[in-house]
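This report describes a packed pair of helices and a ligand site. Please examine the sequence and the structure before reading on.

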Amino acid sequence: MTTHARPKSRYDTRPASLPNARQEAIWNGPVGRHWAEQQDRYDAMSGDLNDHLFAAAAIGDGDRVLDIGCGAGTVTRIAARLAGGGRAVGVDISEPLLARARARTAAEGVPNVSYERGDAQTHPFPAGGYDVAISRGGVMFFADHAAAFGNIARALRPGGRLVFACPQPASPDIEESRALGTLASLLGAQGATASPESADARAAMASLSDPRTIRAALAAYTDVDVTALTIETYWGKDPSDAVGFLLSRTPDAAVPRVTRKAMEDVLSPYAGGRGVRMKARVWLVTAARPS
Ligand SMILES: C[S@@+](CC[C@H](N)C(=O)[O-])C[C@H]1O[C@@H](n2cnc3c(N)ncnc32)[C@H](O)[C@@H]1O
């Protein structure tokens, strides 16, 4: 993965060269703003994961929870409610998403949540400050996975738990991969390709899709378990709504009506009473900091 030096301003106390400068730029640019604006859609898309994630995390009253790559903080706030007398802290590299997280937290009145802007690979977490670290798809963007998960291990108390979900490899036998591949071909034929930023974000999302990579990254942990899950991802209330959402990711592209219709036809088989839903495969990973 490419890393870039970042110019240092006199108000910026962070080092001028950050290991994840490219992802920081991506998540503070149009990709991050799209996620912030479309928070409800993205939450619904991966909402099926929540029960699996929280069953594995077993958050109890009084727990101190760290949510890595918390985005707009929906999972952080669920964690905080489960932690009761404890608290949840979300860390993320994206200011637009953290602004959204803070606004939602104020609106929902969740008192035991806070957010920190930082790169989880290098962020100076309090040593042993957390009982459990969780992430719904926020741990795949590190230039150095072992360094990042090592930093997160230091943030956990001895015996503290790590639970995260990340995508399995794309494959034509997975509904979501197959449909998204066909939709990308239809858009590509119109010259509507993903921006370099979106392409880099998607490439990074796949960086932990091989369980061997996950296990190598978790060298600092014990009791590592990688379980395959099939979930349903939500894309819209009907094919037209789902296509509108997909096209909002390439807002400058002129897509003719006939192509929109072809895209809707690709999604029609997946439309039902609960909207457009496609089967997707993820890994649910659990591990612990050695006691
Ligand atoms: C796919 S989104 C998932 C967001 C959130 N966990 C959710 O379920 O909605 C990935 C998130 O990871 C964040 N991220 C990427 N690299 C990061 C890093 N090095 N440290 C902290 N957060 C990071 C992004 O800003 C983004 O919010």
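## A pair of helices

The axes of helix 8 (residues 175-189) and helix 12 (residues 257-267) come within 10 Å and cross at roughly 170°. Axes are lines fitted to C-alpha atoms, for helices over the stretch in contact, with angles from 0 to 180 degrees between N-to-C directions; helices are DSSP runs (H or I, at least four residues), numbered from the N terminus. Helix 8 and helix 12 are therefore roughly antiparallel, a term for angles over 145 degrees.

Helix 8 contributes A179, T182, L183, L186 and L187 to the contact, and helix 12 contributes T259, A262, M263, V266 and L267 (contact means heavy atoms within 4.5 Å). By class, these residues are 8 nonpolar, 2 polar and no charged. Ala, Val, Leu, Ile, Met, Phe, Trp, Tyr, Cys and Pro count as nonpolar, Asp, Glu, Lys and Arg as charged, and the others, Gly among them, as polar.

## The ligand site

There are 18 residues around the ligand, of which G69, D92, D119, A120 and R136 come nearest (a heavy atom within 4 Å is required). The shell comprises 8 nonpolar, 7 polar and 3 charged residues.

A polar side-chain atom of D92 lies 2.6 Å from a ligand oxygen atom. An N or O atom in the side chain of D119 is 2.9 Å from a nitrogen atom of the ligand, and a backbone N or O atom of A120 lies 3.0 Å from a ligand nitrogen atom. Taken alone, the ligand exposes 600 Å², of which the protein buries 96% (Shrake-Rupley method, 1.4 Å probe).

## Basis of the values

This is a predicted model: local features need pLDDT of at least 70, side-chain atom pairs count only at pLDDT 80 or more, and totals for chains, interfaces and linings use all residues. Residues are numbered from 1 along each chain as its sequence is written, and side-chain values use heavy atoms, with hydrogens and water left out.

How values were computed: Helices (H or I, at least four residues) and strands (E, at least two) are DSSP runs, numbered from the N terminus. Angles under 35 degrees count as roughly parallel, over 145 as roughly antiparallel, 65 to 115 as roughly perpendicular and the rest as oblique. A polar contact is a pair of N or O atoms within 3.5 Å; within protein, one must be able to donate a hydrogen and the other to accept it, and residues adjacent in sequence count only if both atoms are side-chain atoms.
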